[in-house]
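Here is the note you asked for, written as numbered points for someone who has not looked at this structure before. Please read it with the sequence and the model side by side.

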Amino acid sequence: MIGTESRRGHEGAVRMDAVEADAVRAEDARTDDAPSAGATYAATTTAIAEIVGAEAVSAEAAASGLGAEMVRLMRLFAAWTQRAGFECGAADRVLLARLVTCGRRRATDLAADVFLDLSTVSRQVRSLVDRGLVERHPDPEDRRGSLLSATEAGRAAYQSAVRRREAELTRLLEPWPTEDRTLLTRLLKRLNDDLVDSTYTSLGTGQHPVGEARQGDLHA
């Protein structure tokens, strides 16, 4: 049986979908004398705000909707990066981001930085080294070990990926009101920060080290 809170959250989501669908139909049928796109957007957001205000969405219902949208976002972003022909995959960009941002790192430290096991990072590093994006250096503190750093080609690949991503997001966000862009960034950063702290806690290391870059701060 569906709980009362979950049912209310579902009903609210259905009503929100209906409001958005009505706005789209109205936009499609618009004539020269019809309201502008900005007016249509304002009316839609007002209606959604009334729904949210009328029925508080439970954390459980919000988590369900957010989880679905996060999966959808990851799939769409993966498809876009594939179409864009990026040389680096998502995992590669995470590792390059850390090496570009923080400089030389041991593989063990790199694995801890990005919340991955050492065997996974080692495989990815080998691939990056083979492609000339990362290079190894002798570790002055451990002759048996090595330090990793991004090569010039690796830095260029990483920076190219960031520029192309930002150009695409700029295009998508250009029509958005300034306050919506700001709110999206602020809330997404808050979610990332909470996920990072939760991960450190689950690993038994407490909060992230003071002065260290959060994994979520990296522009991977």
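**Notes on the predicted model**

1. Asp-113 is buried, and so is Arg-105, where buried stands for under 20% relative accessible area, exposed for over 50% and partly exposed for what lies in between, with a 1.4 Å probe and protein chains only. These two residues form a salt bridge whose closest N and O atoms are 2.7 Å apart, a salt bridge being a side-chain nitrogen of Lys or Arg within 4 Å of a carboxyl oxygen of Asp or Glu.

2. A word on the basis of these notes. This is a predicted model, in which local features need pLDDT of at least 70 and side-chain atom pairs count only at pLDDT 80 or more, while totals for chains, interfaces and linings use all residues. Residues are numbered from 1 along each chain as its sequence is written, and side-chain values use heavy atoms, with hydrogens and water left out.

3. The overall layout comes next. The protein chain has eight helices and two strands, which are DSSP runs numbered from the N terminus (helices H or I with at least four residues, strands E with at least two). Read from the N terminus, the order of the elements is α-α-α-α-α-α-β-β-α-α. The chain has 220 residues, of which 25% count as buried.

4. Contacts and surface can be taken together. Among contacts in the protein chain with a separation of 6 or more, 55% are between residues 24 or more positions apart, a contact meaning heavy atoms within 4.5 Å. The accessible surface comes to about 14700 Å², and carbon and sulfur atoms hold 56% of it; such areas come from the Shrake-Rupley method with a 1.4 Å probe, and for residues only the protein chains shown count as cover.

5. Which residues make the nonpolar surface patch of about 420 Å²? They are Leu-66, Met-70, Val-71, Met-74 and Leu-195, and the largest share, four residues, comes from helix 3 (residues 59–84). Patches are made of residues with over 30% relative accessible area and no salt bridge, with like charges joined within 9 Å and nonpolar side chains (Val, Leu, Ile, Met, Phe, Trp, Tyr) within 5 Å. Met-74 lies in helix 3 and is exposed, with a relative accessible area of 54%.

6. Helix 3 also deserves attention for its span and its buried residues. Its 26 residues should span 38 Å at 1.5 Å a residue, and its end C-alpha atoms are 36 Å apart, which agrees; the expected span is 1.5 Å times one less than the number of residues. The buried residues of helix 3 are Ala-61, Trp-80 and Thr-81.

7. The count of aromatic pairs comes to one. The ring centres of Phe-77 and Trp-80 are 5.5 Å apart and their planes stand at 40 degrees, so the pair is tilted. By the rule used, rings of Phe, Tyr and Trp (its six-membered ring) pair if their centres lie within 6.5 Å, and planes under 30 degrees apart count as stacked, over 60 as edge-to-face and the rest as tilted. Both residues lie in helix 3, three residues apart, about one turn of the helix. Phe-77 counts as partly exposed at 30% relative accessibility, whereas Trp-80, at 14%, counts as buried.

8. How many salt bridges does a search of the whole structure find? The search finds nine. One of them joins Arg-106 and Asp-109, with the closest N and O atoms 3.8 Å apart; Arg-106 is partly exposed at 29% relative accessibility, and Asp-109 is partly exposed at 31%. Arg-106, Asp-109, Asp-139 and Glu-141 are linked in a network of salt bridges. Arg-144 forms a salt bridge with Asp-142 at 3.6 Å between the closest N and O atoms; Arg-144 is exposed, with a relative accessible area of 81%, while Asp-142 is partly exposed at 28%.

9. Phe-115 has a positive phi of about 60 degrees although it is not a glycine. Most residues other than glycine have a negative phi. Phe-115 sits in the loop between helix 5 (107–113) and helix 6 (118–130) and is partly exposed, with a relative accessible area of 25%.
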